[in-house]
Every structure is written in C-alpha cells, then in structure tokens.
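Open the structure in your viewer and keep the selection tool at hand. The stops below are given in the order in which to select them.

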Amino acid sequence: MKRLWSCLLSAVVAFSLVVACAPAAALADIRGTDYVGSTTVTDRRLTVTEAPTIDAAYGVLVDADGNVLWSREADHQSAMASITKIMTAVVALENAQLDDVFTVSAAAASVGESSAGLAQGDKATVYQLLCGLLIHSGNDAGVVLAEGVAGSVESFVQMMNDKAQELGLRNTHYTNPHGLDAAGHYSSAADIAVLSRYAMKDKTFRKIVNKKKITLDYGGRKSTFRSTNSLLNTWDPCIGVKTGYTGKAGYCLSSAAKKDGMELYAVVLGCADEGQRFTDCYRLLNWGFDHYRSFKLASADEVLAQVPVSGYLNRTVDAGVAEDVSAPALDYDGDISIDIALIDLPDGAEEGARVGTITWRQGEIAVASAPLVAKERVGRPWALSSVWTSVCRLVGWFTGDDCVADTVLNVEAIEVSRAGGEHGEVIDENMEETIRKDAARNV
C-alpha cells in the first residue's frame, strides 16, 4: 500500500511539474465591463457570440475618426514595449529629412534586444533607419534616430513627451525611444489608438508599416528584414502598424485594417502569447467590419422636407441636401432617427440657399448632420401681401393660430438590422493557424 501511495504521489508531482513548465494557454474571454460603443456588455446583455472575445488585458477598437466601437480598460496605464517606436518615428519624421544621414554611435550599436543589425560607425539615412525601426523593430535604429535628430536620447525623449502632450495623450509618458521596460515608461490602449491614427496620416510612415519585408544596406552589408507584424503578413485588409513585447508589457499590437473603404484601428496590450495578440486584433477588426457599416442616409435628388417660408401665410419650400450623405453606424445602437432645425425665412429663399440643418441620430449619438438647402426658389413676398400676413398673425395671436405653414418631413427613421452570425468567439481555424505559424517564425 505504501508503495502504491508513493507511486501516486510521484505521478502527481510529475504532472504538476509538466503543467508548471508548459506555456500558459490563452484564455480569451468576454467581460461584462467591456464596452461596445458607449454601453457595457452587461447593460447590453450580450453573449459571447455577439461581442469580441479576446485575451488582452487592455484594448480598444476605433474607426479612422476615433469613434470607439469596443474597449476594455482602454485608459489603463501600461507598459507598451516597442509600440513606443510609433512615437519615435513621428518625432523623427517631423524633425528631420528622409535623406539626412546619421552615424551609428557605440551606445546605439550596443543597446541590445531587438536589433536592425547596425554597427558602430555605420552611416544610414533617416528613411533606412525608419524602416529598421518599424519593420524589424530595431532598438538600435531608435537610438540612432534619437541622437541624430536631437543630439541626445534625453533631448529626443523630451520631444516625444512634448508631442504626446500636444496630441492629448493623457496616459502616456516616455523615458526612451525604443520601448524597453523602464520606470515611468507607459501608455494606454486609447492613447496608442490616437497616436496610430495620427502617424498613419503621414504618407511615409503609412508606406513603411505596410511593408512585409525590406532589404537594407547598412555599411555595405545588405540585410533583408521581415515584418514582425504577422497580421500584416497573413491578412490582406491589414495595413499596419506596430508590434511590441517585453516581460513587463507582455505581447502587444497596434493594428490597422481597411476594407470596403472603412479603416479601423485595434490596439491590444498584455496578451498571453506571441500569436494571441494577432488573433485578438483579427477578431476585433473583423467584428468591427461586420457591425460598423456605412449607411446611405440621403440622396441629393430627394426632397426631404417642405419647410415653411415665414414671409407667407401658407407657403413652403422644398428642401433637401446638396450632396449624397452616407455615414457609418454601429448596428448595436438601433435605428437612425432624423430631426431638423430650421432657419426663419421671412424673405423667401433662393435655390441652394441654406434653410436649416438635418441630423441623423442613434439615440443620443449624432451619426451625421448636413445643411438643409432649398430645392427651388421662393421669392420675397409683395409688400401688400406682407401687410395682410401681419394682420392675420395679429388676429392669430388671440386665436392661437400661428398663421404659418406646417413643416412636413418626407423621410422616416432608417432601419438598422444587426449583422447575423457569430462574430465574437468564432475565428476561422485556418486563419488562426496561418497567423500563429507566421508569428512562430518571428520568435
């Protein structure tokens, strides 16, 4: 019996050691405190098939204008690793020329960790350094840029923090240009989304982060660098932007994708493993494209309303929009209602003149607004007609009759149906395997 218990105890210990040494499995989940739009998952009563199911500790999904579609503790201050290099690139691009040549110092060549293969004494252009910085995440390239642009790393970091303040990044502070763990070096998912959107407005930055690989010549040594962004390497809609990893930050990713004219940005921080950050962003972006869609709100050839012309007793002018109006809307927020605010028209209206404003809303959220313009000309009333109108309104003051035409709205609320299918938990298995295989090549 003693021998049996001894064997059982040995088996339990062995099993425990195996489990302890095994890599932690990514436990993607949906949390009641996650936000879909401006409302929590709990308040919306959503299930795992209706909201994104991801592993990241912190994250956010926004559109190109910064509208938040999904978030998880997006303002939490966290280490962000090499995502730092987005700001490094922004400051370099705004304070140097692409053909400026910088020399690699001993400090830059020896910074360690992720490297673009620079050696002391090498000379490289700003463009070459940006490619090494953003495509292969070279820490050495970041230090060379800092020293070349500002004269010292310390001065460059101050420029980074000044830019963060300018952009309103309230939960961001930098202590270095590469992102290695350091006290006081942090950002948030929300701030990174703002920074990523800003950086992607620069054509050079956008071009570089969209490259899957590049061959660079540093000091006569040609090296081919492959992007560390496995989502870019495996999913066509992806157009950037930057990966990150340190022991403190975990696996991080800021990613952008464009599909059917819609551009979305997903940021995840603190993921459990190399591949999970990519599948997390893939889920977020895919979910966004499914549920955040463009809706045709009005056509320029429509008469949307008959607007009263106050200079007359019972006269209206046909009104509509000057150009077609479309706007994206989150299909979780319900139908789109319409309201108009009108301008007083005592002197009639010329064709094309503004007669008010039309606004489309989902609840309290304004989806879009546009000037309401006259579709025809209504001339100034004759003097005798104006006198008669004034008399009638004086009488109407006593009788309760406004003596003005009613506003007629010719359009109804726009019905918004939610996309069908499972968009949160389910991910195409082949796609996930492809992403993870590519990520494994970067380890």
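Start with arginine 44, which counts as buried because its relative accessibility is 18% and the cut-off for buried is under 20%. Bear in mind on this tour that the model is predicted.

**Stop 1: arginine 44 and its partner**

Arginine 44 belongs to helix α2 (residues 41–44), while aspartate 333 sits in the loop between β15 (325–330) and β16 (337–342). The pair links distant parts of the chain, 289 residues apart.

**Stop 2: arginine 72 and aspartate 34**

Next, select arginine 72 and aspartate 34. Their side chains meet in a salt bridge, at 2.9 Å from N to O. This pair also links distant parts of the chain: arginine 72 is in strand β4 (residues 68–72), and aspartate 34 is in the loop between α1 (2–21) and β1 (35–36), 38 residues apart. Are these two side chains in buried or exposed residues? Arginine 72 counts as buried, at 1% relative accessibility, and aspartate 34 is buried too, with a relative accessible area of 0%.

**Stop 3: glutamate 274 and arginine 277**

Move to glutamate 274 and arginine 277, whose side chains meet in a salt bridge with an N to O distance of 2.9 Å. Glutamate 274 is buried, with a relative accessible area of 12%. Arginine 277 counts as buried as well, at 4% relative accessibility.

Salt bridges with shared partners join Asp29, Arg31, Asp34 and Arg72 into one network. How many salt bridges does the count come to? The count is 16 salt bridges.

**Stop 4: strands around β18**

Select strand β18 (residues 365–374) together with strand β14 (residues 316–320). These strands pair in the antiparallel sense over 2 bridges. Within this pairing, glycine 320 stands opposite valine 373 in β18.

Look for tryptophan 360, which stands opposite alanine 368 in β18. β17 and β18 form a hairpin with 2 residues between them. In the turn, glycine 363 has a positive phi of about 65°.

**Stop 5: a cis peptide bond**

Select glycine 240 and valine 241 and show the backbone. The peptide bond that joins glycine 240 and valine 241 is cis, with omega at about 10°. Valine 241 has its place in strand β9 (residues 238–246).

**Stop 6: two residues with positive phi**

Select alanine 81, in the loop between β4 and α3 (85–95). Its phi is near 55°, a positive value in a residue other than glycine. Alanine 81 counts as buried, at 1% relative accessibility.

Finish at serine 137, in the loop between α5 (126–134) and α6 (139–150). What is the phi of serine 137? Serine 137 has a positive phi of about 60°, although it is not a glycine. At 5% relative accessibility, serine 137 counts as buried.

Terms used: Residues are numbered from 1 along each chain as its sequence is written. This is a predicted model: local features need pLDDT of at least 70, side-chain atom pairs count only at pLDDT 80 or more; totals for chains, interfaces and linings use all residues. Side-chain values use heavy atoms; hydrogens and water are left out. A salt bridge is a side-chain nitrogen of Lys or Arg within 4 Å of a carboxyl oxygen of Asp or Glu. Helices (H or I, at least four residues) and strands (E, at least two) are DSSP runs, numbered from the N terminus. Buried means under 20% relative accessible area, exposed over 50%, partly exposed in between (1.4 Å probe, protein chains only). Two strands pair if DSSP finds at least two bridges between them.
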